[in-house]
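Subject: A structure for you

Hello,

Here is the structure I promised to pass on.

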Amino acid sequence: MAGLGKLDPSTLKLKVAISIVAISSIHLLKAFMNAEQIANDKLLWYVIIHLTFVVSAVLMSVMDKISFSAHRSH
């Protein structure tokens, strides 16, 4: 629990984004395990939505690194 004292809003935002990507990954895996019962266009939308979450999390991480790298102590 010592790491909780070092959480700033940006770090918390990234942790939430990563959690959303993880939940989306599990949902996508579940959809692919039942691919026979799901239409191909619906599977495509699941993949597109998941990739949107992934790209958003990566971009937020890059923006956070660029914006706050000089301000954070290592």
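Does Tyr46 count as buried, partly exposed or exposed? At 23% relative accessibility, Tyr46 counts as partly exposed; buried means under 20% relative accessible area, exposed over 50%, and partly exposed in between (1.4 Å probe, protein chains only).

Before the rest, a word on the basis: this is a predicted model, where local features need pLDDT of at least 70, side-chain atom pairs count only at pLDDT 80 or more, and totals for chains, interfaces and linings use all residues. Residues are numbered from 1 along each chain as its sequence is written, and side-chain values use heavy atoms, with hydrogens and water left out.

Tyr46 sits in helix H2 (helices are DSSP runs of H or I, at least four residues, numbered from the N terminus). Leaving aside neighbours within four places in sequence, Tyr46 is in contact (heavy atoms within 4.5 Å) with His27, Leu28, Ala31 and Ile38. His27 lies 19 residues from Tyr46 along the chain, with 8.6 Å between their C-alpha atoms.

What about H2 as a whole? Its buried residues are Leu43, His50, Ala57 and Asp64, and they pack against helix H1 (9-33).

There is also a helix length check. The 29 residues of H2 (residues 40-68) should span 42 Å at 1.5 Å a residue, and the end C-alpha atoms are 42 Å apart, which agrees; the expected span is 1.5 Å times one less than the number of residues.

Val16 is in helix H1 and, at 46% relative accessibility, counts as partly exposed.

Best wishes

Key
Helix = DSSP H or I, 4+ residues; strand = E, 2+ residues; numbered from the N terminus.
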